[in-house]
Amino acid sequence: MKYDIQYKPAFSTVFVTLDPGESIMAEAGAMASMDSALRVKAQWFGGIGSAFLKAFFGKESLFANTFTNPTALPLQVVLTQSTVGDISRLQLNGNSICLQPGAYIAHTTGVKVGVQWAGFASWIGGEGLFRLKLSGRGLVFFGAYGGLTHRRIDGEFIVDSGHLVAYDPGIRLSPKLAGGLLSSLTSGEGLVTRLRGRGSIYLQSRSTSGLLKFLRPKVNMTSGRRRRWW
């Protein structure tokens, strides 16, 4: 299998070329285009039990699509994400990675998909009770809203809610106030996430919750004007 991530960093798109007999599994709706000879099969995302946990507690899709090349020639599928931002890939070699809701795009054969309890810290931050956990051997493609930064931590690290994209499973998450009660309320930071442990984390430069906060008053203002007009 060959791949090329183009249009980085704002409009990243993955061009995957599958050799004869090769397959790749992708998030439902991730396919932008593909060669017509590719075979597509929809299935439960990680098994029926894990699929329901991810859908109802982790804000993920129930189904995923497997693209397989049944021909004797290389075929291409183009994968993208719904948000504007960067895409990265991670080679798993027996290790694991946890992804925040909406970050997963695709993975190759040899990677196992499951869920991991994220804790009430994640739920309080609006990110769900469970995380998508990918392990085994193979490639994982994931995306972000905005730019992506890879960082290794050893000890304690603070991340604003909505900016954490992926992290090693051994890292623990807990909510905390950005400062004292008064400063947290008046600074606009509110709750942040305390990360503890050793390993890799991936951060996005923007947050969808921040975008919603920015748009909500403008949408409400526009709706109010329309109601007064009619």
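Select Phe 141 to begin: this residue is buried, with a relative accessible area of 0%. The structure on screen is a predicted model.

**The whole chain**

Now zoom out and show the cartoon. The chain has 15 strands and four helices. Of its 230 residues, 43% count as buried. The accessible surface comes to about 12,300 Å², and carbon and sulfur atoms hold 57% of that area. Next, consider the contacts in the chain with a separation of 6 or more: residues 24 or more positions apart account for 74% of them.

**Aromatic pairs**

Show the aromatic side chains. A pair of aromatic rings is described by the distance of the centres and the angle of the planes. The chain has three aromatic pairs. One of them joins Tyr 3 and Phe 141 edge-to-face, at 5.3 Å centre to centre and with 80° between the planes. Tyr 3 belongs to strand 1 and Phe 141 to strand 11 (residues 130-143), so the pair links distant parts of the chain, 138 residues apart.

Move on to Tyr 7 and Phe 15. These two also form an edge-to-face pair, with 5.9 Å centre to centre and 75° between the planes. Phe 15 counts as buried because its relative accessibility is 15%, under the 20% cut-off.

Tyr 7 sits in the loop between strand 1 and strand 2. Its phi is positive, about 65°, although Tyr 7 is not a glycine.

Now select Lys 8 and Pro 9. What kind of peptide bond joins Lys 8 and Pro 9? The bond is cis, with omega at about -5°. Pro 9 is also in the loop between strand 1 (2-6) and strand 2 (13-18).

Select residues 23-27, which make up strand 3. This strand is mostly covered, as five of its five residues are buried.

Which way does strand 6 (residues 63-68) pair with strand 3? The two pair in the antiparallel sense, over five bridges.

Pick Ala 26 here: its bridge partner in strand 9 is Ala 106.

Key
Residues numbered from 1 in each chain as written. Predicted model: local features only at pLDDT ≥ 70, side-chain atom pairs only at ≥ 80, totals over all residues. Heavy atoms only, no water. Buried < 20%, exposed > 50% of the residue type's maximum accessible area, 1.4 Å probe, protein only. Contact = heavy atoms within 4.5 Å. Areas by Shrake-Rupley, 256 points an atom, 1.4 Å probe, with all protein chains shown as cover. Phe/Tyr/Trp six-rings, centres within 6.5 Å; stacked < 30°, edge-to-face > 60°. Pairing = 2+ DSSP bridges.
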